[in-house]
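Subject: The structure, and some notes on it

Hi,

Here is the structure I promised to pass on. Have a look at it first, and then read on for what I found.

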Amino acid sequence: MTDIALTGVTKSYGSTHVLDSVDLELHAGVTGLLGPNGAGKTTLLRILATVLAPTSGQLCVLGNDPTTAPGRTACRRRLGYLPQETGFPRGFTPFAFVNYIAALKEWTDREARHDEVRRVLDQVGLSELSTKKLRRLSGGQRHRAALAQALIGDPDLLVLDEPTTGLDPEQRASLRRVLSAAGHDAVVLLATHQTEDVAALCERVIVLDGGRVRWQGTVTELVATAIGRVWLADEAQPGALASWRTGTGRFHHVGHAPPAGAELVEPSVEDAYLLLRGTAADVAVA
Amino acid sequence: MAGLAVPELRAIAWGHVIGPVVVGTTLLAFTTAGLLDGPQPTFLWLGLGALILGVVACLDEPAAMVTGACPATRRRRTVERLLAASPVVVGWCVLAGLVDGVNGLSGSALALTGTGSLLAAIAAADVLRRLGVDEPGPVVGSVALLGLLGCLLFQPIGGLVVLQAYDDLGSTALWPAVLVMSIAVLAWSTNDPASPARTLRRR
Amino acid sequence: MTTLTAARSTEPSPVLVMARIEAGRLLRHPIFAVALALDAWLLVSSVMVDPEPNLQRMSETWAILTAFCLGVGGFLAMYRVTRSTDASREVVAAVPVDEQQRTLALCLVCVIPLGVAVVSGLFTLIAWEPGPITEPGFYGRLPWADVWLFNVCVLLASLGGPLLGVTLGRWWSWPMAGAVSAVLLVAWCVSTGFRTTSFVTTLHHQAAPFTLPITGASSEETFRQGGSWWWRVPYVASLCALAVIAALLHGATDHRRTLLLRTGTCVAVLAIVLLVVSTLTGPQGVLLWRA
């Protein structure tokens with residue numbers, strides 16, 4: 001069953017098409033959304049989160065049409081959204097903020113609401129800091145408070161924009177645990193620049209570029225497109241799409257035509273993405 | 001100096017400064033022009049309140065974490081920002097001169113009270129900035145406005161006339177003392193926060 | 001699938017739940033807390049200091065304190081409370097409780113300053129036990145009804161100020177808007193203290209959200225202002241209703257927007273009619289009182 005379906009969805013600002021005839025279907029599970037800056041990832045997420053209306057196209061989110069007011073309300077009752085940057089009202093603690101959002105999500109019974117707030121704060125590891133003022137917390141802790149509000153009520157659709165930004169490796173691992181558990185029954189769509197998160201967490205991946213879907217499929221399929229096109233060498237080779245000097249002193253290359261006798265290596269999601277993007281930039285890493 | 005000051009002046013949120021200053025100037029212009037029975041202390045102080053709101057916004061610095069690590073000292077950057085506030089202070093003194101003697105008003109009392117209020121607000125905003133509030137304008141502005149309105153309605157407070165518009169009322173020591181204290185506070189608050197504390201050396 | 005769907009009971013309504021949360025935020029807001037403390041302190045000290053209170057002195061003291069502390073203070077505080085969730089705009093936009101419901105909750109919170117004003121008024125009446133007005137000037141020749149109607153208008157100011165703060169918070173995102181508007185509001189109200197000598201000046205006097213029924217530069221020369229307080233009370237009440245409608249209008253779409261616009265138009269027309277009637281009726285000319 002298709003939980004989310006987009007057909008010909010376009011978002012324009014004047015003559016600029018931020019999203020251009022996007023066709024997508026999403027099901028339960030974790031889907032990664034990759035793309036360069038300005039590809040339209042955030043715009044797509046905002047449309048799915050019913051915060052932004054598309055200019056044209058058809059949209060079906062969890063069986064509801066979010067272009068109508070009742071449909072939007074119905075979507076929002078089953079939705080959790082983590083924007084790229086979440087600000088907090090002054091003076092709030094994590095508990096107060098998540099409690100506030102829970103009330104806005106129609107958790108009207110006080111006791112049940114507080115129990116749910118404590119549950120999600122515990123899920124993100126903020127139980128002990130729940131009564132500390134948000135402005136006194138670190139960036140990663142504030143980010144976890146923002147994530148906690150998205151998890152209220154175990155939503156059927158989780159829309160996350162750059163969820164691992166500012167998190168240390170331990171926190172990222174903890175977040176992956178939370179999201180993979182959520183992905184058992186819910187549709188989880190996360191936009192990220194971190195290809196290792198996609199590799200570790202996602203079943204499917206969508207690559208967005210210039211407002212259009214350039215590629216979509218499973219992570220395995222994406223990686224398969226780069227097999228035989230990633231190699232190591234002692235020197236930089238100008239013909240590669242992307243190359244950089246690694247910490248071992250050898251050069252890592254991604255390109256369409258490896259030279260004869262090249263030492264091929266197992267491609268990563270990042271390699272496949274770069275190949276897909278056809279980036280010709282050379283990145284030097286000391 | 002102008003070339004160095006320009007980046008700092010560009011960093012001021014002019015919308016937040018000009019709006020209140022325009023409102024204050026309009027109020028003052030109306031009352032000075034003789035409308036509503038000529039210059040009245042109430043409208044002069046209300047206009048001053050709006051000017052204070054504009055002046056404290058000059059010190060709002062959202063990028064303080066970044067500028068604090070730049071070679072340009074905090075004192076120099078603050079002085080450059082206050083270049084934007086100086087026309088307001090000068091303008092108030094000119095206004096005080098214009099209404100001197102009208103309806104019994106004292107230009108010197110008005111000038112002293114207004115300048116003291118403006119400087120005290122600026123000093124308070126800079127202290128807040130030093131304490132980590134990067135945009136002290138709205139906070140200081142609201143507090144100053146409430147204080148001003150309170151004085152307007154309820155003075156004399158404990159026998160003291162705080163907002164002094166006439167020669168024969170109020171303490172002559174209050175606002176000069178506030179002026180001196182504000183300058184001293186500004187001199188302290190504009191020190192580089194990262195400079196090590198001076199230690200007394202025993203000889 | 002939601003694991004705790006049953007917890008989302010149908011009562012109480014989300015609006016009431018939000019109103020309760022926002023009420024807590026208002027009471028904890030520094031501006032409102034200071035305004036409440038100031039109101040209480042000044043009122044109690046006035047009651048203790050004045051040896052022979054009468055209804056006129058009680059009305060003036062309580063009226064000005066209430067209008068300033070609860071009206072202006074409430075205005076600033078509700079403006080800040082309304083704007084405080086701007087930082088979480090993206091998150092708040094993706095929740096089922098829509099903007100109109102949140103605005104309604106904020107408007108409901110504005111009854112708190114009104115309640116405080118009522119309590120402080122009762123306290124003043126009970127603690128002060130104002131005696132009959134013995135002075136020939138000031139309120140001495142005003143009908144009792146006018147004095148009490150004036151006090152009702154003061155109560156409405158303690159409601160209308162915060163409501164205006166919610167409206168301004170919804171429509172104007174400039175950070176200084178609240179403070180600058182407070183200056184203009186006070187200037188407007190103070191400007192009505194000049195003698196009403198014509199239709200225009202009486203209209204100006206009656207149109208202000210808060211004004212006094214008498215004015216005078218000194219105790220020897222006081223003036224009773226023109227206009228009818230019987231019609232002024234519903235006029236100020238209609239201003240409060242307009243503030244609520246204007247606040248709800250922000251973000252309203254479709255039939256809701258149409259309904260609000262129609263209702264707002266009707267209330268605005270009513271307000272104008274009431275204003276004109278209150279200006280034309282009441283005492284004709286100006287009565288000069290001498291001590």
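Before the sheet, one definition: two strands count as paired if DSSP finds at least two bridges between them. Please also keep in mind that this is a predicted model.

Strand β11(A) and strand β12 (residues 251-254) of chain A are paired in the antiparallel sense, with four bridges. Within this part of the sheet, A:Ser243 sits opposite A:His253, which belongs to β12(A).

As for confidence, the average pLDDT of chain A is 89, and 97% of its residues score at least 70. The stretch to treat separately is residues 280-286 of chain A, where pLDDT stays under 50. For that stretch the model has eleven contacts beyond four places in sequence.

Which residues of α8(B) are buried? They are B:Trp175, B:Ser182, B:Leu186 and B:Ser189. These residues cover an arc of only 70° around the axis, so they lie on the same side of α8(B). What they pack against is α6 (107-130) of chain B. The other side of α8(B) has exposed residues, namely B:Pro176, B:Ala177, B:Val180, B:Ala184, B:Ala187 and B:Trp188.

Finally, the places where chains meet. Between chains B and C, 22 residues of chain B are in contact with 20 residues of chain C. On the chain B side, α2 (14-32), α3 (41-56) and α7 (137-154) of chain B each give two or more residues. The element that gives the most there is α7(B), with eight residues. By class, that side of chain B has 14 nonpolar residues, seven polar and one charged.

Chain C also touches chain A: 25 residues of chain C are in contact with 32 residues of chain A. On the chain C side, α1 (14-28) and α4 (89-93) of chain C each supply at least two residues. That side of chain C divides into 16 nonpolar, six polar and three charged residues.

Happy browsing, and best wishes

Conventions: Residues numbered from 1 in each chain as written. Chains lettered and ligands numbered in written order. Predicted model: local features only at pLDDT ≥ 70, side-chain atom pairs only at ≥ 80, totals over all residues. pLDDT = per-residue confidence, 0-100. Contact = placed C-beta atoms within 7 Å. Nonpolar A, V, L, I, M, F, W, Y, C, P; charged D, E, K, R; others polar. Buried ≥ 20, exposed ≤ 12 C-beta atoms within 10 Å, placed from the backbone. Arc of directions from axis to C-beta.
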